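Thanks for coming, everyone. Have a look at the screen, and then we'll start.

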Amino acid sequence: MKRTVVLCAAVLLLVSTAVYSFGDIARPKDTPKSSEGKTVLYTSMTVKPDPKAYEARLQISQSTLQRIAHEAGNLSSNDSMTQRLVHSSARTMMAGLFMFLAVSFAGVWFARSSQRRNHKAIASVFLLATVFGLATVIVRANAGPPGYLRWQGLPQNLKAGKITGGGVNIEIVPGDDSEIRLIVPLRNTNQPGEE
Amino acid sequence: MLTATRMERTANIPFTAWPNALARSRTRTSVRSFALVLVASACLTAVLASWLPLQVSIVTVFLFAGPHNWFELRYFLMRLPARFGRSRNFFAVAFAGIFFLTAAYLAMPALYYLNLWSGSNWPDAIATWNTLLLLWLGALVILRGKQNSRRDWFWTLPVVFMLCALNWLGPQLFSLAIVYAHPLVALWFLDRHLRRTRPQWLPTYHRCLILLPLLIVGMIWQLSRTSSLADDNGLFWRITQHAGADLLPRVSSRLLVSLHVFLEMLHYGVWIIALPLIGATGAVWKVRTIPLARRRGGFPKLIAAVLVFSLFVVGLLWFGFSVNYPAMRDVYFAVAIAHVLAEAPFLLRMI
């Protein structure tokens, strides 16, 4: 009991000093806000040449349009986790504090378990962590090809009158420009000096 | 001579073996029936929840939300010891936590609707409440662990703190996780009761539980590509929001509502059908099955009054649903946090 009280006191002391030391750091300058859009929906899109059409047409299903409208209305809640954390330093600090406490108490538990020679439990925890780590590495190796590959054949397909399909992020950009822009990820595959 | 020996052997067969064989056969049949009912109910529930999620959600909450709370109250009274003894501290912390956390949970929307709080720091308030909940659970676990010297539940502390950290990273997502995890607690209660009252059913029950992740994966596979539900009226919007449509905008709201309804129906099924059938709540009309009423100097009249009053509240809930379903649904899901909290100490008492 006495040891736990001493440990807790040490932990609190360390945390309080950390807070004060952070107080000496100058406030970072506000970074200028980028004018880039925010992704509200990821879906698929096909580009289809139509020799009989007089105007380009953009066809969107009603449900997709409703989803876009809905997401556009909730832009603030659709921020990524990192963005949300950046906007709330208090929450980040609280999360950090509790992570610190979790690791500290896990250490105490680890030490107590070692005293009781509970090696099986510790070994299983390490094994589990290793398995998760390896699984993460393996899963990343199975990631699909980058999205731009699907769009590589667009110029040739347009010339041949064929359909090209691929993934598309629908972004809402700031401003009141009425122009709709389609940005296609085409990589220049020509070798140097080939042009 | 040989015939005579055979006759003698037959005569020597102990009569006591026959009832045992009959009992074994009866047990096998009952286990099979139990498994069949579990599998059929789970499959039917999954199909209904996937097919008509909004409609089934409305009907299910209307019919079963109140009664399942009554059965839970009846069950908790049954599990409450006649005298607290060494568990006095445990129950003191448990009841204080239930009261304080419920009051705090109800205070948040109340303050907002009374214009006493703008709700601007809503995520921080939710994160604080979740943290208090986790710390309360941690305290209960430690207190329960101390009641038996062979238990060392110290490892739960780092887990609790890690959960607190995750909660502060995404408070609303953490609350949503509670919404989805809470129905599964009923399955844990059923497990503990089978362990005590029908241990021969337990392996079958565990095998049936494997079906649950399979059904969930099947629902995700079937519904993840479907278009979101049209939440164009207030009630449908509330249901999709409750299932997390706003927090998980890239997931089809049909999938979210279906999954939530599926889990809720399982939860109601366990409390209203499974646990009373295996005798976990005692004969519902007999107050004397409750220790607090049975003991010398107990409170049978008070317990009976509490149960009758609760029945009246269930009736009132049905009336409220009939008059204004959306508003009553909001009120119910706010007040229902009390039963979510109450499950924790009683589950811990069974571990």
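How many salt bridges does the rule find across the interface of chain B and chain A? One. Keep in mind that this is a predicted model.

Which residues form that bridge? On the chain B side, Asp124(B); on the chain A side, Arg91(A). Their closest N and O atoms are 2.9 Å apart. Side chains of opposite charge can pair when their charged atoms come close.

Now place the two partners. Arg91(A) belongs to helix α4 of chain A, residues 89-115, while Asp124(B) belongs to helix α5 of chain B. Over all chains, the salt bridge count is three.

Next, polar contacts. Between chain B and chain A, the count is one residue pair, with both residues at pLDDT 80 or more.

Which helices build the side of chain B that touches chain A? Three of them each supply at least two residues: α5 (122-146), α6 (156-169) and α7 (171-197). The largest share comes from α6(B), with eight residues.

Let's step back to the whole contact. Chain B puts in 20 residues, and chain A puts in 22 residues. The area buried between the two chains is about 2300 Å². Carbon and sulfur atoms give 66% of that area. In chain B, three residues lose the most area to chain A: Phe154(B), Trp168(B) and Leu169(B). Together they make up 28% of what the chain B side buries.

Last topic: cavities. How many are there of 30 Å³ or more? The structure holds two.

Among the lining residues are Val56(B), Ser57(B), Thr60(B) and Val61(B). His260(B), Val261(B), Glu264(B) and Tyr268(B) line the cavity too. So do Arg329(B) and Phe333(B). By class, that lining has five nonpolar residues, three polar and two charged.

Thank you. I'm happy to go back to any part of this.

Technical notes:
Residues are numbered from 1 along each chain as its sequence is written. Chains are lettered from A and ligands numbered from 1 in the order in which they are written. This is a predicted model: local features need pLDDT of at least 70, side-chain atom pairs count only at pLDDT 80 or more; totals for chains, interfaces and linings use all residues. Side-chain values use heavy atoms; hydrogens and water are left out. Contact means heavy atoms within 4.5 Å. Buried area is the accessible area (1.4 Å probe) that two parts lose on being put together, summed over both. A salt bridge is a side-chain nitrogen of Lys or Arg within 4 Å of a carboxyl oxygen of Asp or Glu. A polar contact is a pair of N or O atoms within 3.5 Å; within protein, one must be able to donate a hydrogen and the other to accept it, and residues adjacent in sequence count only if both atoms are side-chain atoms. Helices (H or I, at least four residues) and strands (E, at least two) are DSSP runs, numbered from the N terminus. On a 1 Å grid over the protein atoms alone, a cavity is a set of points where a 1.4 Å probe fits but cannot get out, and a pocket is an open set with protein on both sides within 12 Å along at least five of seven lines; lining residues have an atom within 4 Å of a point. Grid points are joined across faces, edges and corners, and a volume is the space filled by probe spheres set on the points. Ala, Val, Leu, Ile, Met, Phe, Trp, Tyr, Cys and Pro count as nonpolar, Asp, Glu, Lys and Arg as charged, and the others, Gly among them, as polar.
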